[in-house]
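Please read the points with the model open.

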Amino acid sequence: MSTAAVVEPQNPTLLWRRLQPLRATSWSAFQIHFAQAARRAAHETKNPRLATLAVSNNSFRRWIAGEQMPRADARAVLEHWFGQSVEVLLGPAMGLPAARTLPDDTLTLARTVSRQWATSTLTPTESVPGTGGHWRLDGVATFDPTDVTVQLYEARRRGEMLIIDPADHEHLRHLAAGSGRALVIAAHEGELHLLDAAHARRHLASPHPLPLVPVHRSHRLDDLTYALTWALLLCDDALLADDHALEDQQEALEQYRQLPRSAPARASMPDLRAATSAFLGSEFCARHILGLLEDAGTVPLFWTREQRGEQAVGWLLFRHKHAYLRAAGARFGVRGSRRMARAFCIPADTVAGSDPYERILLFLAVALMELHGLDVWVSADEAYAGVEGFVLVPGERAIVANWVAGNAMWRVDATDAPGDLLGYEQLLDDASAASIMRGDNPGDRLRALSEHLALDWAWLTGRCGELAATGASTMLRPRSRHLTLTEVDRVLAFVASLERR
């Protein structure tokens, strides 16, 4: 049987429409795309059987004609690939709204996103009715990948805003109506700008007879907005996918909370994705620390294990992290001349091995500590890179609480042995003495950090100011109840204010 591209049927299915922009309407081309989708589905659903799935020419032709429903494994791959049920995919595509045709240079611009960031693979779609493009975001060293539907539109400028043309509103309504996440990418004069489709849906629901869908120019896609988008989507999608599994772990977690020390293996909770494991470990450590600080008589000092942006995103996004910072601040604040302090170890080799967007996330996490009134010390000494997270209550106890790296979900412990306390005190003294964050105020200290992280201070503070003026929360929207962009908006404004001081 011929493997040439199928001639467009009189009543095309949505699957046929979805395959068109991929140039996969021939069996030979479809096999390549299906094999890639099958491997992704096998990895992300933890079903290795899917990875070797193949499709016959006859089955392919019957699917795109809507004549035969795929069986269980093939169904799973197709639904994971396109984010829609096979009943919808094999149903008619007629009557679905179409977007305006995109200029070739706009599509070319969008494809550069895959070259700009190593963790990004953006496949923009042509203006095919009812479909969206595909943006795959990969983790760096830990997080699992995720996929999001995207749609590219040409936008026009109105003041400091970009406007999605009303001619595209019907198509946009269809895109935003789905229960899955989707992103709008607005193209204008050689730049791309981001908007969560949930915000677009809200604008389209306006009672105004001619509703507008505005996209702030501050939402242009660059290292800052990519960093925030990448971090939110990887965490958000993992937590949503694992919400039921998290609930199932509550009884086991309560048993661990009764123990003075614990270090459960990651393999003991194999159904959790990496970002969810990070969330769970971080939350457990925060509770452990706060519980043991209740009777502390002196201001505690902290050592934080995070060295990369991927490890530090929880400080920016996790609600429990923000509650933890507020609780510690309310409990201790400033006592006399003593403030809480937090030490990091960020060796030069780690900086050199991180992309700018990941370094920006780490910078913002450190800036958040300064915003909450902590002194921050950053050691660049490689010898301290493996030190676990801990809290020292001088003269009283040391609390070990670490969830970063290692084979355990978390490791918590405590000691009041004088020799142990002396060792932890020496680590903090060394970090303070050799800190690269020198200065009498947050601006000077964070400027020094930006130099260590090879980030342009003027660009960073200016760009944070632009985005703070509108808010990252007007660009993206978390779906998980465990995440928020509130502190992101606060720290953006804080960093921007430092340049004006």
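How much accessible surface does the protein have, and what percentage of it belongs to carbon and sulfur atoms?

1. **Surface.** The accessible surface comes to about 20,900 Å². Carbon and sulfur atoms account for 50% of that area. Please keep in mind that this is a predicted model.

2. **Overall build.** The protein has 21 helices and 15 strands. Its radius of gyration is 25 Å, close to the 23 Å that the globule rule gives for 501 residues, so the protein is as compact as a globular protein of that length. Along the principal axes, the C-alpha atoms fill a box of roughly 80 × 50 × 45 Å.

3. Of the 501 residues, 55% are buried. Take the contacts between residues at least 6 apart in sequence: 73% of these join residues at least 24 apart.

4. **The second largest pocket.** This pocket holds about 300 Å³ of space. It is lined by 18 residues, and those closest to its centre are Thr142, Arg266, Ala274, Ser277 and Trp403. Two elements give two or more residues each to the lining: helix 13 (274–292) and helix 14 (309–317). Helix 13 supplies the largest share, with 3 residues.

5. What kinds of residue line the second largest pocket? The lining divides into 10 nonpolar, 4 polar and 4 charged residues. On method, rolling a probe the size of a water molecule over the atoms shows where empty space is left.

6. **Ala72.** Is Ala72 buried or exposed? Ala72 is exposed, because its relative accessible area is 59% and the cut-off for exposed is over 50%. The residue is found in helix 4, which covers residues 72–82. How far is Ala72 from Trp403? In sequence the two are 331 residues apart; in space they are 38 Å apart, C-alpha to C-alpha. Trp403 is one of the residues closest to the centre of the second largest pocket.

7. **Thr350.** Thr350 sits in helix 16, residues 348–352. Is Thr350 buried or exposed? Thr350 is buried, because its relative accessible area is 15% and buried means under 20%. Which residues does Thr350 touch, leaving aside its neighbours within four places in sequence? Thr350 is in contact with Gln307 and Arg308.

How values were computed. Residues numbered from 1 in each chain as written. Predicted model: local features only at pLDDT ≥ 70, side-chain atom pairs only at ≥ 80, totals over all residues. Heavy atoms only, no water. Helix = DSSP H or I, 4+ residues; strand = E, 2+ residues; numbered from the N terminus. Buried < 20%, exposed > 50% of the residue type's maximum accessible area, 1.4 Å probe, protein only. 1 Å grid on protein atoms, 1.4 Å probe; cavity = no way out; pocket = protein on both sides within 12 Å on 5 of 7 lines; lining within 4 Å. Points joined across faces, edges and corners; volume = space filled by probe spheres on them. Nonpolar A, V, L, I, M, F, W, Y, C, P; charged D, E, K, R; others polar. Rg over C-alpha atoms; globule rule 2.2 N^0.38 Å. Contact = heavy atoms within 4.5 Å. Areas by Shrake-Rupley, 256 points an atom, 1.4 Å probe, with all protein chains shown as cover.
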